Amino acid sequence: MEQRVILCIGTKKGVFVAESSTDRESFSLRGPFAPGVAVYAALIDTRAEPRIYASSCNAFFGMKVLRSTDLGATFEETRQAPAFPKEDGRALANIWSLEAGDEEHDLWCGVEPASLFRSGDAGDSWDLVNGISNHPHARQWQPGNGGLCLHTIVRDGNRVHLGISTGGHYLSEDGGETFAASNDGIGAGFEPDPFPEYGQCVHKIARHPDAPGRLYIQNHGGWPDSPGIGVLRSDDHGRTWTSIAEGLPSDFGFPIVVHPRDPDVVYVLPLEPMTRTCPDGAPAVWRSEDAGRGWGRLDRGLPGERSYFTVLRDGMAIDDVAEPALYFGTTTGQVWIGRDGGERWDCLFDALPPVNCVKVAAV
Amino acid sequence: MSITVRVPTALRVYCDDAPVLKLQAPSVRAALDDLERTHPPLYRSVCDETGTVRRHVNLFVNKTHVRDLQGLDTPLSEGDVVTILPAVSGG
């Protein structure tokens, strides 16, 4: 029985851990850990005794992976961070994604330049996954504004979905040994060919285990000449994709999140595409309760004006407690909670450093 | 060729809090090679996996930046001091 809700908040200036009882009425805050250092990725691993992992992108001294075995009371560096083989010629520029693997100490890690690493010992050593990191397309991918990053790892048995900006969606059906571009229907408004084989600027991918084959993507939308390419759904394990953007104020955004118990309920946070800030200065989360056929605005408690923040790709999460709460962190250093599935919003913290990622788990 | 490597405070966690390391090295590159063998986490904080000194880390031999000498091939003499310093940058 879960007793606590843990939030892990990666910021431009370190990682914070917030904690509440499962009523989520108030949260304590500890940190920053790795103070002053940007943290882009975090994982609250609840497969066994809970562990928290966080990337630490030190502009001076390189990448580190942090690990906590006491729910964020303390963090230590793992023995090694992912690193390319010397003869590869590439150097790690950032760590964008940390995900749990099959076995208790298995971890997957997406990095910049876009590549994938796996660890079998809780992050103390790492192996490059050649199937995607040295894919024939890999040297053709181009960096987006955030860098050339492999930012999303979605695992579904032997299927592995990867999100690469700008590479697009890649699918493995053999447990991560080999990968193929799988972007049929995913547009790229910045390419002469609006639907290329690869090279899309996918922002985030989400799935729900109770809806086999279904995936949602927040893609780089906001293109007047390519309307509707920003928010998409697949019902065939990511082989083909269809727009579900109709009804949204903008199809540009970064995060996309699925309800923990209802695969038809999906959340996005639309942004104005040119400025990447809240449309009309009035932030809102938009929810679909029918897998993207229609959308409704959730803004009760959020500012109605003069709010021009951005929520980044890993900046929104949902817990799996009864009456799940949503959380998002902003580039202006706020963390908001949307209780009752986003019906009622309150600001939990209003002056943290700019937020890169928010992860949540009940433990 | 006995030389001294001065370690900045932020990196002393990787060498038992030692502010200086004494080692034998005929060049800056050899000194870094020694650090890679003896203090891998310290080395990885100074150089990336290609062996390139990180962008925001500066190396000095005595009072001169290695870029104004012969880079990593700068020869070292008995008693030289190699100083590792983070650059002035941030935001």
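Q: In strand 4 of chain B, which residue is the bridge partner of Val61(B)?

A: The model is a predicted one. Within it, Val61(B) has Thr64(B), a residue of strand 4 of chain B, as its bridge partner.

Q: In which sense do strand 3 and strand 4 of chain B pair, and over how many bridges?

A: Strand 3, residues 57-61 of chain B, runs antiparallel to strand 4 of chain B, and two bridges join the pair.

Q: What is the order of the four strands in the open sheet of chain A, and what is the pairing?

A: The same way of reading applies. This open sheet of chain A has the order 23-24-25-26, with antiparallel pairing. Strand 23 (316-318) and strand 26 (344-349) of chain A each have a single partner strand, so one side of each lacks a neighbour in the sheet. On average, neighbouring strands of this sheet are turned by 20° against each other, with direction ignored.

Q: Over how many bridges do strand 24 and strand 25 of chain A pair?

A: Strand 24 (residues 326-329) and strand 25 (residues 335-338) of chain A are joined by four bridges in the antiparallel sense. One pair of bridge partners consists of Phe328(A) and, in strand 25 of chain A, Trp336(A).

Q: Which domains does the assignment give for chain A?

A: A domain may be written as one stretch of residues or as several. For chain A, the domain assignment gives domain 1 as 1-123 + 353-363 and domain 2 as 129-313. The contact between them takes 16 residues from domain 1 of chain A and 17 residues from domain 2 of chain A. On the side of domain 1 of chain A that touches domain 2, strand 8 (94-100), strand 9 (107-112) and strand 10 (115-119) each supply at least two residues. By class, that side of domain 1 of chain A has eight nonpolar, five polar and three charged residues.

Q: How far apart are the C-alpha centres of the two domains of chain A?

A: The C-alpha centres of domain 1 and domain 2 of chain A are 22 Å apart.

Q: How many residues of chain A and chain B are in contact?

A: The size of an interface is often expressed as the accessible area lost when the parts come together. Counted by residues here, ten of chain A are in contact with 13 of chain B. The side of chain A that touches chain B has seven nonpolar, two polar and one charged residues.

Technical notes
Residues are numbered from 1 along each chain as its sequence is written. Chains are lettered from A and ligands numbered from 1 in the order in which they are written. This is a predicted model: local features need pLDDT of at least 70, side-chain atom pairs count only at pLDDT 80 or more; totals for chains, interfaces and linings use all residues. Two residues are in contact if their C-beta atoms, placed from the backbone, lie within 7 Å. Ala, Val, Leu, Ile, Met, Phe, Trp, Tyr, Cys and Pro count as nonpolar, Asp, Glu, Lys and Arg as charged, and the others, Gly among them, as polar. Domain bounds come from an automatic or database domain assignment. Two strands pair if DSSP finds at least two bridges between them. Axes are lines fitted to C-alpha atoms, for helices over the stretch in contact, and angles run from 0 to 180 degrees between N-to-C directions.
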